[in-house]
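Me: I have a structure open and have not looked at it before. Can we go through it piece by piece?

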Amino acid sequence: MLKFILKRLALLPLVLFGVTALLFSCLQFLSPEMRAALYVKDPRQLSQLDAVIEKYGLRKPLPVQYGIWLKQVAHGDLGYSETAKMPVADAIRSFFPATFELTVVTFLPIMVVGVFFGVLSAVYRDKLLDHITRFVAITGYSLPSFVLGLGLLMVFYGRLHLFPPGRYTLDTDMLVHADSFRHWTGLLTLDCLLNGQWHAAADVAEHMVLPAATLLYISVALLLRITRSSMLEELTKDYVRTARAKGLPERAIIRKHALANALIPVVTLSSLLFIGLLGGVVITETVFDFPGIGRWGVQAAQQLDIPGVLGSTMLAAFLFVIANLVSDVLYAVVDPRIRVGD
Amino acid sequence: MSVLKNIWKQLKRRPMSLLGFGIIGSFLLVAVLAPVIAPTPAGARDAYIIPQFGYSPDPVLPSREHIFGTTEQQYDLFYGMVWGTRTAFRVALQVVGMAMIIGLLIGGAAGFYGGWIDEILMRLTDIVLAFPDILLAVVIVAVTGPSLNHVMYSVMAVSWPSYARLVRGDVLSVKERDFVTAARALGASDARILFRHILPNSIYPVLVVASLSMGSIVITAAALSFLGLGAPPGYADWGQLISLSQNWIMGASGDPFAYWHTVVIPGLAIFLFVLGWNLLGDAARDILDPRQKA
C-alpha cells in the first residue's frame with residue numbers, strides 16, 4: 001500500500017509540469033509584444049515594449065522561457081498576480097480558505113441528501129417517489145449554475161433582501177481585519193464564533209447560503225444517481241435473497257446488508273466531488289462574487305494574468321492528483337476485495 | 001428495423017425519455033422553421049444578427065410587438081431565442097462530434113499500440129483532466145480572442161479526454177478477441193483492423209457518453225459566453241443573451257422583477273435544452289446497459 005501511494009505521489013511533479021507546460025504553450029498564441037503588454041501598468045511604458053520583452057525574455061524559445069519560470073518557482077517565487085493585486089502565494093493563502101469553507105459547508109448536505117434519496121429511490125424503484133426524486137435530480141443536473149444563481153439572486157436578494165452576494169458586509173470586513181481579531185482556523189464563520197462575534201459569524205454564514213444551495217442542487221444529482229444504481233445492484237444479490245428468505249425485516253436488510261455494500265462506489269465518488277468543489281467552482285463563485293480560488297482563477301485567465309493562472313491551476317492540479325489517490329486508497333479500505341498496487 | 005422497434009418499445013416504457021424526445025424534437029422544429037417563425041428583416045446581411053429596435057440601454061418588457069421583450073441595446077429577444085436554437089444545436093453537435101472523434105483517435109491509438117505510445121497519450125489525457133473546471137477553456141479563448149468558434153474549439157480541447165479513456169479501455173478488451181486475431185492472420189493492415197474491426201465494436205459506450213455529455217457541453221459553452229468570451233453582443237446565442245442580462249437581475253429600484261424576462265427566458269431555454277439531452281442520454285444508457293435491466 002505504501003509503495004502504491006509513493007508511486008502515485010511521484011506522478012505529482014509530472015502532472016504539475018505537464019499542466020504548466022501546456023499553459024505556457026497556449027500563451028505562445030500571443031505575440032511577444034502582446035505578452036509584454038501584460039506587464040505594462042502605465043500607458044507611457046508602451047513605447048518601451050522592447051525593453052520589457054528583453055527583461056522577461058519573451059522572445060526566447062518556449063522551453064527557455066519555461067525554464068526561466070521553473071527556476072523562479074524553484075526559488076519559491078510564484079510571481080505577482082495582477083488580478084489579485086498581491087503575490088500569488090498570498091493570493092492562494094487569501095482565496096483558498098474561502099473556497100475551503102464553502103466546500104465544507106456544501107459537502108455534508110450533498111452527501112446526506114444524495115445518499116438518503118438515492119437509497120429511497122432504489123427501494124421504491126419505479127414508484128412515484130422514485131420518479132419524483134429522479135426528476136428533481138435531473139433538473140438540477142441540467143440547470144446551468146449561472147442561470148440558477150442569477151434566479152436565486154433575483155428572488156432572494158433582489159426581492160426579499162436576503163442572502164447578499166460577496167463574502168461579508170463592510171462591518172464584518174473591518175472587524176476581521178482588525179488587529180484584535182484572531183484567525184484560529186482560517187474558517188471565517190468558526191473564527192468569528194471563537195472571537196465571540198456572533199453577528200459577524202451570522203453575516204458570513206448568510207453570504208454562503210445561496211452559493212451553497214446552488215452547489216447542492218446542481219451536484220446532488222450525480223451522487224443520487226450513483227447511490228441509486230449501486231443500491232439497485234446490491235438488492236438483486238444472493239445475500240439479500242438469503243436475508244429475505246430467513247425472514248429478516250426489510251428495513252434491516254436495507255440498512256445493515258445492502259447499504260454497506262452499496263456505499264462503496266459512493267465513497268469513491270465523494271472524494272472526487274469534495275476536491276472538485278475545493279478546486280474552485282468557477283461560475284458559482286463568479287455569479288455570487290464569492291472571493292474564492294475559482295473566481296480568482298477565471299479572472300486571471302480572462303485578463304491573462306499569467307502568474308495568477310499558473311498559480312491557481314497548479315493548486316487545482318495538485319488537489320486533483322491527491323483526490324484521485326485518496327479515492328483509490330479509500331476504495332481499497334472500504335472494500336477488502338480490492339487490493340491496490342498489484 | 002427490429003432494432004428501431006426495440007428502442008421504441010423501450011422508450012414507451014419510460015415516460016421521462018419520451019419527454020426528452022419531445023423537448024429536443026420541439027427545439028429541432030424551431031431550429032428548422034426559424035426563418036418562418038422569426039423572419040429575417042429584409043436587407044439583413046446575416047440572419048444570426050438579432051435586429052435592433054433603437055439603442056436605449058434599458059430592456060423593455062414583453063409587448064405585442066416584441067413578445068419576449070427586448071434586451072439592453074434593444075435586441076429583439078424572441079428573434080434571438082428562435083435563431084439561437086440553431087446556434088445551440090450547432091455548438092452541441094459539432095463540439096460533441098469533434099470531441100468524440102479526437103477521443104476515438106487518441107484512445108484508439110493508445111489502446112491499440114500500447115507501450116510508450118499509450119503511456120504518452122494517456123499522460124496527456126491526465127494532464128488535460130487535471131485542469132480545474134473550465135479554466136483551460138477560458139485560457140484558450142482568452143489567448144485566441146473571444147468568438148463563438150473559439151469557444152467551440154476550446155470546449156472541444158477540454159472535453160475529449162473522457163472519450164479517450166473510455167475508448168482505450170474498450171479497445172484493450174476488444175483487441176484480444178478472436179475476430180481481431182483472424183483479421184490479422186488474413187494480413188489486414190493496422191489501420192484496417194483499428195477502423196473496421198476494433199472501433200465499430202467499442203462505439204456503443206462512446207455514443208452513450210456522447211448523448212449524456214451533450215447537455216454539459218451546452219452548459220460549458222454557455223458559461224463561457226456568460227463570462228463574455230463567446231459571440232459578440234447581438235449574435236443569436238442563448239449564452240450571450242444571458243450575459244446581456246447580468247446587469248438587470250436586480251431590476252429597477254423598488255421593482256426587483258422589472259426586467260425578469262432578460263434572465264428567465266434565455267435561462268429557461270438553456271435549461272430545457274440541456275434537460276432534453278440529459279433525459280435522452282439517460283434513456284440511451286438504460287437501454288444499452290444490460291446491467292440495469294430488471
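Me: How many residues does the contact take from chain A and from chain B?

Reply: The contact takes 42 residues from chain A and 39 residues from chain B. Two residues are in contact if their C-beta atoms, placed from the backbone, lie within 7 Å. This is a predicted model, where local features need pLDDT of at least 70, side-chain atom pairs count only at pLDDT 80 or more, and totals for chains, interfaces and linings use all residues. Residues are numbered from 1 along each chain as its sequence is written, with chains lettered from A and ligands numbered from 1 in the order in which they are written.

Me: Which helix gives the largest share of the side of chain A that touches chain B?

Reply: H7(A), with 8 residues. Helices and strands here are DSSP runs numbered from the N terminus, with helices being H or I of at least four residues and strands E of at least two.

Me: And by class, what is on that side of chain A?

Reply: The side of chain A that touches chain B has 29 nonpolar, 12 polar and 1 charged residues. Ala, Val, Leu, Ile, Met, Phe, Trp, Tyr, Cys and Pro count as nonpolar, Asp, Glu, Lys and Arg as charged, and the others, Gly among them, as polar.

Me: What confidence does the predictor give the complex?

Reply: An ipTM of 0.84 and a pTM of 0.86. For chain B, the mean pLDDT is 83, and 94% of its residues reach 70 or more. pLDDT is the predictor's confidence in each residue, from 0 to 100.

Me: Where in chain B is confidence lowest, and where highest?

Reply: It is lowest in helix H1 (residues 2-12) of chain B, at a mean of 73, and highest in helix H4 (residues 77-113) of chain B, at 91.

Me: Back to chain A. What domains does it have?

Reply: The domain assignment gives domain 1 (2-81) and domain 2 (86-341). Such bounds come from an automatic or database domain assignment. The C-alpha centres of the two domains of chain A lie 32 Å apart.

Me: How far does H1(A) reach?

Reply: H1(A) has 26 residues and reaches 39 Å from its first C-alpha to its last, close to the 38 Å expected at 1.5 Å a residue. The expected span is 1.5 Å times one less than the number of residues.

Me: Which residues of H1(A) are buried?

Reply: Val15(A), Leu16(A), Val19(A), Thr20(A), Leu23(A) and Leu27(A). A residue is buried if 20 or more other C-beta atoms lie within 10 Å of its own, exposed if 12 or fewer, and partly exposed in between, with C-beta atoms placed from the backbone.

Me: What do they pack against?

Reply: In chain A, helix H2 (32-37) and H15, together with helix H5 (115-130) and helix H6 (135-144) of chain B.

Me: Switching to chain B. How many helices and strands are there?

Reply: Chain B has 12 helices and 0 strands. Its C-alpha trace spans about 75 × 45 × 40 Å along its principal axes. Of its 294 residues, 46% count as buried.

Me: What about the largest nonpolar core, how many residues has it?

Reply: It has 165 residues, and those with the most contacts inside it are Val95(B), Val138(B), Val218(B), Ala221(B) and Leu224(B). A nonpolar core is a set of buried Ala, Val, Leu, Ile, Met, Phe, Trp, Tyr and Cys residues joined through C-beta atoms within 7 Å. H4(B) gives the most to this core, with 16 residues.

Me: Why does the core lie between the domains of chain A?

Reply: Because domain 1 and domain 2 of chain A both give residues to this core.

Me: What does Ala221(B) touch?

Reply: Not counting residues up to four places away in sequence, Ala221(B) touches Val91(B), Val95(B), Val151(B), Met152(B), Val155(B) and Gly239(B).

Me: Last topic. What is phi of His161(A)?

Reply: Near 55°, a positive value in a residue other than glycine. His161(A) sits in the loop between H7 and helix H8 (170-176) of chain A.

Me: Is His161(A) buried or exposed?

Reply: His161(A) is exposed, with 9 other C-beta atoms within 10 Å. Leu304(A) also has a positive phi, near 50°, and is partly exposed, with 19 other C-beta atoms within 10 Å.
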